[in-house]
Amino acid sequence: MSEVVYLSGRFLPYGQAAVPVEDRGFLFGDGIYEVFRVYRGRPFRFQDHLERLTRSAREIRLDLPDLDWAAITGELLERNGLKGGDATVYLQVTRGAAAPRTHWFPPPGTPATVLMLARPARPVDPELVESGATAITHPDERWGRCDIKSINLLPNVLAKQRAVEAGAHEALFVRDGVVLEGASSNLFAVLDGRLVTYPRGPRILAGVTRGVVLELARELGIPVVEGPILVSDLDRATELFITSTTAEILPVVRVDGRPIGDGRPGPVTRALYTAFRQQIS
Ligand SMILES: Cc1ncc(COP(=O)(O)O)c(C=O)c1O
């Protein structure tokens, strides 16, 4: 079965889906996106993702088309033979295409470009969850609105490439001595028996998985602090993990080559991981 893509109102074979050369996503990175998982046919935390998409659109003053996202998702899954299965869906909306190229907004009425892709999910290797991943620290060179899920990801791309070159799984952004989040994930540490993650605000993306983990921690009676994780805290953190839609909950056992705690995934991470698996099964 060949892949089918949703593009601005049409379901098209992958090879026939194309956007104009002057699409503002291509020229300016003028757009927003979401990634969500589908577990056994059911989009996970769909409402949370749609709310974040709506918020991102509002913050960049993009008129989000009034579409039936659930119906489109259902049809896209079906057309790709993923109905009832595990999938990852990518959704992107740009401010559309207009000529000539201008930095300012295109003329009113220029339709947004909407792209959706659905692919079979690539689950995280259970052995990696068992042994734990590694990370590097990297200066946070991003803009001041990291709460917007913008398709402008150049600093994230550059940081992630550094991580790959260092043989690590993630790059952790550091600003003013604080480890904020990963290049494509949120960060949690266990410090003094408490679960710590950076508070919502313009410095991080409010991850949907982050929200789920906070809920689960409260249900499990794990004390939670939304506050800074300092670079110097990494030496005394007993556990560290990252969260994202695609990585779910992934223990981090080394940062910049130095072990976190005893260098193995710890009990808080395991408890949250087990609770998370129950939520999605
Ligand atoms: C910078 C950044 N932070 C956090 C996340 C995690 O967000 P979510 O759990 O909604 O996937 C992502 C996901 O791509 C991200 O790019």
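Modeller: Two strands pair if DSSP finds at least two bridges between them. Strands (E, at least two residues) and helices (H or I, at least four) are DSSP runs, numbered from the N terminus. The model is predicted: local features need pLDDT of at least 70, side-chain atom pairs count only at pLDDT 80 or more, and totals for chains, interfaces and linings use all residues. Residue numbers start from 1 along each chain as its sequence is written.

Biologist: Which residue of β6 stands opposite V93?
Modeller: β5 (87-94) and β6 (113-120) are antiparallel partners, joined by eight bridges. Within β6, the residue facing V93 is V114.

Biologist: How many bridges join β1 to β6?
Modeller: β1 and β6 run antiparallel. In that pairing Y6 has M116 of β6 as its bridge partner. The number of bridges between β1 and β6 is two.

Biologist: On its other pairing, which residue of β2 does V4 stand opposite?
Modeller: β1 (residues 4-7) and β2 (residues 10-13) are antiparallel and share four bridges. The hairpin that they form has two residues between the strands, and S8 takes a positive phi near 45° there. In β2, the residue opposite V4 is P13.

Biologist: Which strands are at the edges of the open sheet?
Modeller: The sheet has six strands in the order β2-β1-β6-β5-β3-β4, with antiparallel pairing. An edge strand pairs on one side only, and that holds for β2 and β4 (42-43).

Biologist: What is the omega of the cis peptide bond at P100?
Modeller: P100 is in the loop between β5 and β6. The cis bond joins A99 to P100, and its omega is about -5°.

Biologist: How far is V21 from A99 in space?
Modeller: V21 sits in the loop between β2 and α1 (24-28). V21 is exposed because 10 other C-beta atoms lie within 10 Å. V21 and A99 are 78 residues apart in sequence, and their C-alpha to C-alpha distance is 9.7 Å.

Biologist: Is D176 buried or exposed?
Modeller: D176 is in the loop between β8 (170-175) and β9 (178-182). Its phi is positive, about 50°, although D176 is not a glycine. There are 10 other C-beta atoms within 10 Å, so D176 is exposed.

Biologist: And D192, is that residue buried or exposed?
Modeller: D192 belongs to the loop between β10 (186-191) and β11 (194-197). D192, not a glycine, has a positive phi of about 50°. Its count is 11 other C-beta atoms within 10 Å, so D192 is exposed.

Biologist: How far apart in space are L234 and V179?
Modeller: L234 lies in the loop between β12 (224-226) and β13. It has 22 C-beta neighbours inside 10 Å and therefore counts as buried. In sequence L234 and V179 are 55 residues apart, whereas C-alpha to C-alpha they are separated by 9.0 Å.

Biologist: Which element gives the most residues to the shell around the ligand?
Modeller: A residue is near a molecule if its C-beta atom, placed from the backbone, lies within 6 Å of it. The ligand is surrounded by 13 residues, the closest being L205, G207, V208, T209 and T245. Two or more shell residues come from each of α6 (208-219) and β13 (239-244). With three residues, the element that gives the most is α6.

Biologist: In which sense does α6 pass α7, right-handed or left-handed?
Modeller: The axes, lines fitted to C-alpha atoms over the stretch in contact, with angles from 0 to 180 degrees between N-to-C directions, come within 10 Å for α6 and α7 (residues 267-280) and cross at roughly 110°. That makes the two helices α6 and α7 roughly perpendicular, a term for 65 to 115 degrees, while under 35 is roughly parallel, over 145 roughly antiparallel and the rest oblique. A crossing is left-handed if the near helix is turned anticlockwise from the far one by less than a right angle, and right-handed if clockwise. For α6 and α7 the crossing is right-handed.

Methods
A residue is buried if 20 or more other C-beta atoms lie within 10 Å of its own, exposed if 12 or fewer, and partly exposed in between; C-beta atoms are placed from the backbone.
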